[in-house]
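Here is a short briefing to read alongside the model. Please keep the sequence and the 3D view open as you go.

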Amino acid sequence: MQGLSTLQFTPDNKRAYAYNVLSVDNATATFIEFNTLSYYLVGTIQMGRNMKASAETDFQVLFNDVKVYSAKYDNGAGQTLVMPTVTPLPIIIPPFTNVKLVCEVNDAADTIAVNFTANVHGTIEQFDLEVKE
């Protein structure tokens, strides 16, 4: 599966990346999901949201459906808060792992952006990305 929210590789297979932007309203959404094969990834995850007053956001990273990281952002009642997209989460993802980047929003809709960038270590098989008719 290729496209938004899936893991993509540069042509030389040295870098990988995934991006997604969604508007979430009192729900839990999976922003990015992918499986690693025989390679591992050393990279960063960044997430951002311009939060309204009384907004709550819980960001989670899951490996094989086990939560390995969680960060809750609670804006309180009186201000606007920008989630810290300038503070990336460094992460190492092992081979043969299902990875999910999930966000739970407990208030009215806002646009949330999540991105993942990494260096690829080990060997991978590049898929043919050419569109066939």
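**An exposed loop residue**

D65 counts as exposed, at 52% relative accessibility; exposed means over 50% relative accessible area, buried under 20%, and partly exposed in between (1.4 Å probe, protein chains only). This is a predicted model, in which local features need pLDDT of at least 70 and side-chain atom pairs count only at pLDDT 80 or more, while totals for chains, interfaces and linings use all residues. Residues are numbered from 1 along each chain as its sequence is written, and side-chain values use heavy atoms, with hydrogens and water left out.

**Overall picture**

- The protein chain has 10 strands and 0 helices; helices (H or I, at least four residues) and strands (E, at least two) are DSSP runs, numbered from the N terminus.
- Along the sequence, the pattern of the protein chain reads β-β-β-β-β-β-β-β-β-β.
- Of the 133 residues in the protein chain, 39% are buried.
- The protein chain has an accessible surface of about 7500 Å², and carbon and sulfur atoms hold 54% of that surface; accessible areas come from the Shrake-Rupley method with a 1.4 Å probe, and for residues only the protein chains shown count as cover.
- Among contacts in the protein chain with a separation of 6 or more, 76% are between residues 24 or more positions apart; contact means heavy atoms within 4.5 Å.

**The largest nonpolar core**

- The largest nonpolar core has 28 residues, and L41, L101 and F116 touch the most other members; such a core is a set of buried Ala, Val, Leu, Ile, Met, Phe, Trp, Tyr and Cys residues joined through side-chain atoms within 4.5 Å.
- At least two residues of this core come from each of β2 (15-24), β3 (28-35), β4, β5 (56-63), β8 (89-93), β9 (98-105) and β10 (110-121).
- β10 gives this core its largest share, 5 residues.
- Not counting residues up to four places away in sequence, L41 touches L7, A16, F34, T36, I91, I92, I93, F116, A118, N119 and V120.

- Y40 is partly exposed at a relative accessible area of 36%, and V42 is partly exposed at 31%.
- Y40, V42 and I92 make a nonpolar surface patch of about 260 Å².
- Patches are made of residues with over 30% relative accessible area and no salt bridge; like charges are joined within 9 Å, and nonpolar side chains (Val, Leu, Ile, Met, Phe, Trp, Tyr) within 5 Å.
- A salt bridge is a side-chain nitrogen of Lys or Arg within 4 Å of a carboxyl oxygen of Asp or Glu.
- V42 touches I91, I92, A118, N119 and H121, not counting residues up to four places away in sequence.
- V42 and V120 are 78 residues apart along the chain, yet their C-alpha atoms are separated by 6.7 Å.

**Strand β5 and its partner**

- β5 is mostly covered, with 7 of its 8 residues buried.
- β5 pairs with β9 in the antiparallel sense over 7 bridges; two strands pair if DSSP finds at least two bridges between them.
- F63 stands opposite V99 in β9.

**Positive phi in two loops**

- Most residues other than glycine have a negative phi.
- D65, in the loop between β5 and β6 (66-74), has a positive phi of about 65 degrees although it is not a glycine.
- N13, in the loop between β1 (8-9) and β2, is not a glycine either and has a positive phi of about 65 degrees.
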